[in-house]
Amino acid sequence: MQLEKKIGFLLIAGAIALFIPYTILTIIFEYPVILRKDTSTVLTKFHEGGSPLIWTWFAFAVTGIPLIPAYILIGQKLETKSSLVRIATTVGIIGLIVQMIGLLRWTFVVPVLASTFVNAVDAPTKAAAIVAFKTIHQFAGVILGEHLGQLFTIAWTVLISAVFAKLKLVPKWIVSLGYISSFIYFIAQAELFATVIPGFPVWNPAGFLGSTLWLIWLLIIGIKFLKIKIN
């Protein structure tokens, strides 16, 4: 198979694969709105979701795997044409892996905490489960997945968009969409600082809007790679 087509299929598969479990989570777990509720509500609702919810989170964490070879193949195809490509490939893969690690807490850590909280017969045990959840959520979720993971993904998007613009591989509006989605995605970082700095200004739609536009951009890039031939 032509390398460009392989890249296109991988990008499309990764974008669609991420969108499906994300959509399911919004329906069965009220994600991401649920994260703004108190911890006891989160743990109780998670426990009620049972195995289907755990497997959905697992799918959300690992279905982005096709993007890893896609990033690598893009790097191999374009690294001789721009010095930015190797840097972009490195930060992109780091971003994917870090986000995957952060999401996997919902599969291997949160179920234990939720079960402990719901089945606890005394207040100290419930309180301990709440503190443990908040700690792992801030570390694996906020620091790794949402902060570092998203920043590296944003950096990859900006760098690759710059390369696409330089080589004129895609129309200008697609390059602009990459920049715009990255900017909105970056604004969503304010929500993370708001978890530790009360009153920090936040634009609530930024996270959903930025991630959705990014997935649309990724899907469009995948479709374009199905049609182009890079010499």
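Predicted model: local features only at pLDDT ≥ 70, side-chain atom pairs only at ≥ 80, totals over all residues.

Me: Why is Arg 86 called exposed?

Reply: Buried means under 20% relative accessible area, exposed means over 50%, and partly exposed is in between (1.4 Å probe, protein chains only). Arg 86 has 57%, so exposed is the word.

Me: How many salt bridges does the structure hold?

Reply: There are 5. One of them pairs Glu 4 with Lys 77, with 3.3 Å between the closest N and O atoms. Those two sit in distant parts of the chain, Glu 4 in helix H1 and Lys 77 in helix H3, 73 residues apart. Helices here are DSSP runs (H or I, at least four residues), numbered from the N terminus.

Me: Is Glu 4 buried or exposed, and how do you know?

Reply: Its relative accessible area is 0%, so Glu 4 is buried.

Me: What links Lys 45 and Glu 30?

Reply: Their side chains meet in a salt bridge, 3.5 Å from N to O. Lys 45 is in helix H2 and Glu 30 is in the loop between H1 and H2, 15 residues apart. Lys 45 has 22% relative accessibility, so it counts as partly exposed; Glu 30, at 31%, is partly exposed too.

Me: What makes the phi of Glu 30 worth a look?

Reply: Its phi is near 55 degrees, a positive value in a residue other than glycine. Most residues other than glycine have a negative phi, and most peptide bonds are trans. Lys 168 also has a phi near 55 degrees, and its place is the loop between helix H7 (123-167) and helix H8 (172-187). With 73% relative accessible area, Lys 168 is exposed.

Me: Which residues does the cis peptide bond join?

Reply: Tyr 31 and Pro 32, with omega about 5 degrees. Pro 32 is in the loop between H1 and helix H2 (39-62).

Me: Why are H3 and H4 called roughly antiparallel?

Reply: Helix H3 (residues 67-78) and helix H4 (residues 84-103) pack at an angle of about 175 degrees, with their axes 9 Å apart. Angles under 35 degrees count as roughly parallel, over 145 as roughly antiparallel, 65 to 115 as roughly perpendicular and the rest as oblique. That is why H3 and H4 are roughly antiparallel to each other. The contact (heavy atoms within 4.5 Å) is made by residues including Leu 67 and Tyr 71 of H3 and Val 85 and Thr 89 of H4.

Me: How do you know that Ile 16 is partly exposed?

Reply: Ile 16, found in helix H1 (residues 3-28), has a relative accessible area of 41%, so partly exposed is the label.

Conventions
Residues numbered from 1 in each chain as written. Heavy atoms only, no water. Axes fitted to C-alpha atoms, helices over the stretch in contact; angles between N-to-C directions. Salt bridge = Lys/Arg side-chain N within 4 Å of Asp/Glu carboxyl O.
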